[in-house]
Amino acid sequence: MRIRDIRATTVTVPLEAPLRHANGCHWGRFVRTIVEVETDNGIVGLGEMGGGGESAEAVFRAMKSYLVGHDPARLEEMRFLIANPTASLYNNRTQVLAALEFACLDVLGQAWGIPVCDILGGRLRDRVRFATYSFFRYPDPRTGAGEVRTVDQVIAYIREMKRRHGFTTHKVKAGVFHPDHELEIYRAVAAEFPGDSLRFDPNGVWSTEQAIRFGQGIEGLRNDYLEDPVYGLTGMRRTRQMVRVPLATNTVVVNFEQLAANALDTAVDVILLDTTFWGGIRACVKAAAVCETFQLGVAVHSSGELGIQLATMLHLGAVIPNLSFAADAHYHHLRDDIIQGGLMRYENGAIRVPDGPGLGVRLDRDKLREYSELYRRLGGYPYDQDPARPGWTPIIPNDRWADPNDDRPVSIPD
């Protein structure tokens, strides 16, 4: 079996409402690049990568000169072929490698008639638990619905997600407003859902002193962890010395060199494994094994997935023994998906690991065409800009907070 063709299609899929974060905003949609790897015996494997457009599609076209004729089972050789660590200093293809690895694993599973998790050692669990991923949200410009800004709106949103999907862990995505205001919100969530676990993520925009003050202010709550309160291992280490809440990251430990540094001098307690950021599912499995050895916690991170990447997260969650926390997912903010059957379903706060061969999901060609055409009409959006604050620039550490009383409607092209 040999790779015959590689195709990439950029899509944009609508969200329920624009999602605000510490460094900008998702402008009411996700932009993703869908990758197809076709073999000479007609099997098509699926991959997915964040972002897209002509530049991303051109990168995957360029990979054909590397990979056409390559055996999709030789995944380690593919890793060095297109993402050699030294060459990557000049041309980092980690996320490209991840999308191609997803597709090759999907090919192998289909060829062998087994799910990807069986290739990776066999499933330990049939379902993966997820957390409420609660963002501050602008109202949908078309309907005026979906805003999450005030304390009452955050609590109402989490309550609805708990009712609809069964979540018992709640993540507050923050770093948008002043830390004192967000501390008030987080404490209110803890009081409203006393039997559930909590986590908080300001995307690394605080100073170390702000992080220590906030962290000490949440000691005693049912915290899973405080995620990326500051940016950098040194700041995380200083915060950890002063705060009795586990710290987690998906930004400062995203490769094995950083993981080794953290193991030798611990700054982070919980490593959030992202199948894209780490360069594939297999890299995350390896990282989980290192974390198991050093007694570091792990969880599955979300970088804004559609159904293909969600499937990779589920297969990862199925096989790692030390998955002691609910996974994150942006998935419940989506209005639709590009896989057959539409959006996967949550059941009691969890999603079932696909049983079919490979990743267990297949493309809905009509949806792929629809959202590819939508991307061509709308184009991309500046992830690191806020549509309601023109001229605003996010800095780290931040002192340019949004006004929680500003309820002006936001205008976003649609």
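## Contacts and overall build

Let's begin with how the chain meets itself: among contacts in the protein with a separation of 6 or more, 74% join residues 24 or more positions apart. Keep in mind as you look around that this is a predicted model.

The secondary structure amounts to twelve helices and 15 strands. The protein has a radius of gyration of 21 Å, close to the 22 Å that the globule rule gives for 414 residues, so it is as compact as a globular protein of that length. Along the principal axes, the C-alpha atoms fill a box of roughly 60 × 50 × 45 Å.

## Surface and charge

How much of the protein counts as buried? The share is 59% of the 414 residues. The accessible surface comes to about 16,300 Å², and carbon and sulfur atoms hold 49% of that area.

As for charge, you will find 46 positive and 52 negative side chains in the protein. The centres of these two sets lie 1 Å apart.

Strand β2 covers residues 19-21, and three bridges link β2 to β3 in an antiparallel pairing.

## The β4-β5 hairpin

Next along the tour come β4 and β5, which form a hairpin with four residues between them. Within the turn, G42 has a positive phi of about 90 degrees. Strand β4 spans residues 29-39 and pairs with β5 in the antiparallel sense over seven bridges. One landmark here is V37, whose bridge partner in β5 is G45.

Is strand β5 largely enclosed or largely open? Five of the seven residues of β5 (residues 44-50) are buried, so this strand is largely enclosed by the rest of the structure. As a reminder for viewing, side chains in a regular strand alternate between the two faces of the sheet.

Our last stop is D406, found in the segment after α12 (365-378). D406 has a relative accessible area of 25% and is partly exposed, because buried means under 20% and exposed over 50%.

Definitions and conventions. Residues numbered from 1 in each chain as written. Predicted model: local features only at pLDDT ≥ 70, side-chain atom pairs only at ≥ 80, totals over all residues. Heavy atoms only, no water. Pairing = 2+ DSSP bridges. Helix = DSSP H or I, 4+ residues; strand = E, 2+ residues; numbered from the N terminus. Rg over C-alpha atoms; globule rule 2.2 N^0.38 Å. Buried < 20%, exposed > 50% of the residue type's maximum accessible area, 1.4 Å probe, protein only. Contact = heavy atoms within 4.5 Å. Areas by Shrake-Rupley, 256 points an atom, 1.4 Å probe, with all protein chains shown as cover. Lys, Arg positive; Asp, Glu negative; His and termini not counted. Charge placed at Lys NZ, Arg CZ, Asp CG, Glu CD.
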